[in-house]
Amino acid sequence: MLIARNLGIYAIIFLSYLNPLFAQQQKMSFNDMWAIALDQNIQIKNAELLIEKSGKMEKTAWDFGSLDFDFTRGQQNSELVDNMYTFKQGLGAPFTISATRKYYKSEQAFLNNSASLINKELKKQLRSNYYHWLYEYQLISILDSSILIYQKSADFASLQYETGESNLLSKVVLSSEAQRLIIRRDLHLVNLNTIQNEIQTILNTDSIYIPEETELNKLLLYLPVDSTLYSLDSIPEIMVQRSHWDAMERYHKLEKSKISPSLSAGYYNQEIDQITGYQGWRVGLSFPLLFMPQKARSQAAYIELSRAENQYLYQKMKVEREIESLLAKYEQLQKSVRYYEDQRINSADLIVQNASMLYTSGSIGYIEYVQNL
C-alpha cells in the first residue's frame, strides 16, 4: 500500500508538468472562493440590484403629480383687461399612498428572501463542486498509481516471457488492464475539467482556482434527538413563497385603495376692474366615474394573491417531503460509510498482506499478485 501511495504522488507530480489542467492553478479554501462569488457572481449582483430598485420605487408613493399654473389675461369680469393666475396641486389619495409604501416594503422583504435563497443555492453548488473536484482529483491520483503499477508489471511480464519464465497471457492481461485504467483516468480528467468550468461560472472569473485541501474528510450531520428536526417556515424556499404571498396581499390592498378619492388644493390671485388683491384658495375631490375597471384590477390582484397562497402551501408540502427523503438517504449513506470503515478497509489491508505472503512463498503468480494489489 505504501508503494502504491508513493507511486500516486509521483504520478501527480508528473501529471502537473504534462497536463495544463493541473498547471498554474491557485489553491484556495472554500470560504475564499465563496467570498469571490459574493463579490462577482451575476445572479447575486442582480438580486441586490432588484432590492435597491424596490427601495427607490417606494418613494414613488409620494408622487402627487405636477404643479399646475394658469395665467389668464383678458376681459373676465368687466370691460377692462384683468389679470389672473392660479396654482393647483394634487395631494393624492391618502389610502393609496399608505398602501403603496406598504406594498414596496413587503416586496423588499420578498426580494431579500429571494436573494438569500439564491445565495444558499449558489453556496450549495459551489460546495458540491469544490468537494467533487477534490474527489475526482484524488481518484485520478489513485488511477495513475495503478496505471504505473500495471505498466511496470506488464514490462516485467514481457521480460519474463522473453526469458521463458512466463507465458504471453500474463503480458497481454496486464497491458490490457493498464489501457483500461488509462481510459478510465481520461474520463475522470474530463469530469475534473467540467467541474472546474462550473466553479469558474459560479465565481464569474477566468482564473483557475482549486481546493487547498489535500484530503476528503468525513462530514458529520448532527441532528436533534427529538422529532422536531426543523421549522418549515424558517427554510429559505418556504420563506420566499411566504413573503411573496405577503407581497401579493399588499398588492391587492393597493389596487383596492385606488378606488378611494384623490384630493387637490389650489390658490388663485386676480384683479377686477384693474384693482388687485382678490385672492383665495380652493380644494378639490376627484374619483373615477366608473368603478368597474378598477374593480376588475382589484379582482385580478386577488387572483394573484390566491395563486401565491397556493404556491406557498405547495412549497411547504414539497420541502417537507424532500426533507424526509434526504434524511432517509443520509441514513443509508451513513450505513455505507460505516460498512466501508468497519469492513472494506480491513478487508483490503488483509488482501494486500496475504497476497504479499502468497507471492513470496510462490503460491500465486505475479499477475495474481498485481491484481490483488
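In this predicted model, Tyr85 is partly exposed, with a relative accessible area of 30%. Phe69 is also partly exposed, at 47%. The two residues form one of the 11 aromatic pairs in the structure. Their ring centres lie 6.4 Å apart and their planes meet at 35°, so the pair is tilted. Phe69 belongs to strand β2 (residues 68-74) and Tyr85 to strand β3 (residues 82-92), so the contact ties together parts 16 residues apart in sequence.

A second pair joins Trp245 and Tyr312. The ring centres are 5.4 Å apart, with the planes at 35°, so this pair is tilted. Trp245 sits in helix α6 (residues 236-257) and Tyr312 in helix α7 (residues 292-361). The pair links distant parts of the chain, 67 residues apart. Both Trp245 and Tyr312 are buried. Elsewhere, Phe30, Tyr130 and Tyr131 form one aromatic cluster.

The protein chain contains eight helices and six strands. Their order along the sequence is α-β-α-α-β-β-α-α-β-α-β-β-α-α. The C-alpha trace spans about 135 × 50 × 30 Å along its principal axes. The radius of gyration is 38 Å, whereas a compact globule of 373 residues would have one near 21 Å.

Of the 373 residues, 33% count as buried. The chain exposes about 24300 Å², and carbon and sulfur atoms supply 56% of that area. Among contacts with a separation of 6 or more, 75% involve residues 24 or more positions apart.

Conventions. Residues are numbered from 1 along each chain as its sequence is written. This is a predicted model: local features need pLDDT of at least 70, side-chain atom pairs count only at pLDDT 80 or more; totals for chains, interfaces and linings use all residues. Side-chain values use heavy atoms; hydrogens and water are left out. Helices (H or I, at least four residues) and strands (E, at least two) are DSSP runs, numbered from the N terminus. The radius of gyration is taken over C-alpha atoms; the globule rule is 2.2 Å times the number of residues to the power 0.38. Buried means under 20% relative accessible area, exposed over 50%, partly exposed in between (1.4 Å probe, protein chains only). Contact means heavy atoms within 4.5 Å. Accessible areas come from the Shrake-Rupley method with a 1.4 Å probe; for residues, only the protein chains shown count as cover. Rings of Phe, Tyr and Trp (its six-membered ring) pair if their centres lie within 6.5 Å; planes under 30 degrees apart count as stacked, over 60 as edge-to-face and the rest as tilted.
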